[in-house]
Amino acid sequence: MEVTRRAIKSYVLRQGRLTRGQQQALDRLWPVYGIDFKPGLLDLDTRFKRSAAVILEIGFGNGDSLMRQAVSTPQNNYLGIEVHRPGVGHLLRLAGDAAISNLRVINHDAIEVLQQQIPDHSLDCVQLFFPDPWHKKRHHKRRIVNQEFIQLVYLKLKPGGLFHLATDWEDYAEHMLEQMEHTQGFTNTASKGNYAENTDRPPTKFEHRGRRLGHGVWDLVYRRSA
Ligand SMILES: C[S@@+](CC[C@H](N)C(=O)[O-])C[C@H]1O[C@@H](n2cnc3c(N)ncnc32)[C@H](O)[C@@H]1O
């Protein structure tokens, strides 16, 4: 009998209900902003209808922060990946209302998207803001930040590109720092062993929630070697 092994995922798909507005946004705006998941490399210039720096955000949640970036920095192309469909609907609605053209969205597991759709050395920046902390020790294997993931990000970044991580969970921040410091080919922009200060990242929904609960916030910004 053939046994298929299920890879450990960094998320559990909550079957949250779509609001009417989110469903309408998905119906109307997916053809404008959506990129379907299917194996095969994307031509990013064609998808954005122009050539510009590409910023990839993994797990954008409801997309409030990604939206603010896309509006405030129209010279960049923003590609968001999120598995949670209501969040995708929320972001599409905001994007449609603002009629922006520098945003594209993929509704799928970011690991598979990176592996199968994103060309090597094509990204100027990868952003991972407040990934699920999986705080119980027995769940740590679900954390998206591990050596395999970091190597994948390295491969997809252009030489000199940035990898920006943030978390409100101290133990995860320490894990990120340790993993990144031990990876060849990345330089800590805040100097070895330090967290980044004063990044101009807009706050996210999850971050607001963490601050209300009294959590700290740790940012890490690494540059891929040339
Ligand atoms: C804790 S939330 C943070 C959301 C947002 N970045 C924020 O700060 O508000 C983590 C998000 O990552 C998404 N996620 C987790 N693993 C993912 C994966 N492999 N691919 C795409 N999205 C993922 C989850 O669905 C969730 O929305």
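Across the whole structure, which is a predicted model, a search finds 3 aromatic pairs. A pair of aromatic rings is described by the distance of the centres and the angle of the planes. The rings of Tyr-154 and Phe-186 have centres 5.6 Å apart and planes at 80°, and since an angle over 60 degrees counts as edge-to-face, this pair is edge-to-face. Tyr-154 belongs to helix H6 (residues 147-156) whereas Phe-186 belongs to strand S6 (residues 186-188), so the pair ties together parts that are 32 residues apart in sequence.

Phe-186 is buried, its relative accessible area being 9%. Its ring also pairs with that of Phe-163, with the centres 6.2 Å apart and the planes at 45°, so this pair is tilted. Phe-163 lies in strand S5 (residues 157-167) and Phe-186 in strand S6, so here the parts tied together are 23 residues apart in sequence. Both Phe-163 and Phe-186 are buried. Taken as a cluster, the residues linked by ring pairs are Phe-149, Tyr-154, Phe-163 and Phe-186.

Aromatic rings also meet charged side chains in this model. Arg-224 lies over the face of Tyr-154, at 3.9 Å from the ring centre, and Tyr-154 is one of the residues in the ring cluster. Elsewhere, the charged end of Arg-142 sits over the ring of Trp-134, 5.0 Å from the centre of that ring.

The strands can be taken next. An open sheet of 7 strands runs in the order S3-S2-S1-S4-S5-S7-S6, and its pairing is mixed. Strand S3 (103-106) and strand S6 stand at the edges with a single partner strand each, so one side of each is left without a neighbour in the sheet. From one strand to the next, the twist averages 20°.

Within this sheet, strand S1 (residues 54-58) and strand S2 (residues 77-81) pair in the parallel sense over 5 bridges, and Ile-55 stands opposite Tyr-78 in S2. Helix H7 (residues 170-181) packs on the sheet, where it touches S5, S6 and strand S7 (218-224), and the direction of H7 makes about 15° with that of S7.

S2 also pairs with S3 in the parallel sense, over 4 bridges, and Gly-80 stands opposite Val-105 in S3. In a regular strand the side chains alternate between the two faces of the sheet. In S3, Leu-103 and Val-105 point one way while Arg-104 and Ile-106 point the other way, and all of these residues are buried.

In one of them Lys-156 is joined to Asp-120, with the closest N and O atoms 2.7 Å apart. Lys-156 lies in helix H6 and Asp-120 in the loop between helix H5 (110-116) and strand S4 (123-129), so this pair ties together parts that are 36 residues apart in sequence. Why does Lys-156 count as buried? The relative accessibility of Lys-156 is 4%, and because buried means under 20%, Lys-156 falls in that class. Asp-120, in contrast, counts as partly exposed at 39% relative accessibility.

Another salt bridge joins the side chains of Lys-192 and Glu-181, at 3.3 Å from N to O. Lys-192 is in the loop between S6 and helix H8 (205-212) and Glu-181 is in helix H7, so the parts tied together are 11 residues apart in sequence. Lys-192 has a relative accessibility of 66% and counts as exposed.

The side chains of Arg-201 and Asp-219 meet in a salt bridge as well, at 2.8 Å from N to O. This pair links distant parts of the chain, with Arg-201 in the loop between S6 and H8 and Asp-219 in strand S7, 18 residues apart. Both Arg-201 and Asp-219 are buried, and a network of salt bridges links Arg-201, Glu-207, Arg-211 and Asp-219.

Asn-198, in the loop between S6 and H8, has phi near 55°, a positive value in a residue other than glycine, and at 77% relative accessibility Asn-198 counts as exposed. Lys-49 is found in the loop between helix H2 (44-48) and S1, where its phi is near 60°, again positive in a residue other than glycine, and Lys-49 counts as exposed at 71% relative accessibility.

Key. Residues numbered from 1 in each chain as written. Predicted model: local features only at pLDDT ≥ 70, side-chain atom pairs only at ≥ 80, totals over all residues. Heavy atoms only, no water. Phe/Tyr/Trp six-rings, centres within 6.5 Å; stacked < 30°, edge-to-face > 60°. Helix = DSSP H or I, 4+ residues; strand = E, 2+ residues; numbered from the N terminus. Buried < 20%, exposed > 50% of the residue type's maximum accessible area, 1.4 Å probe, protein only. Lys NZ or Arg CZ within 6 Å of the ring centre and 35° of its normal. Pairing = 2+ DSSP bridges. Axes fitted to C-alpha atoms, helices over the stretch in contact; angles between N-to-C directions. Contact = heavy atoms within 4.5 Å. Salt bridge = Lys/Arg side-chain N within 4 Å of Asp/Glu carboxyl O.
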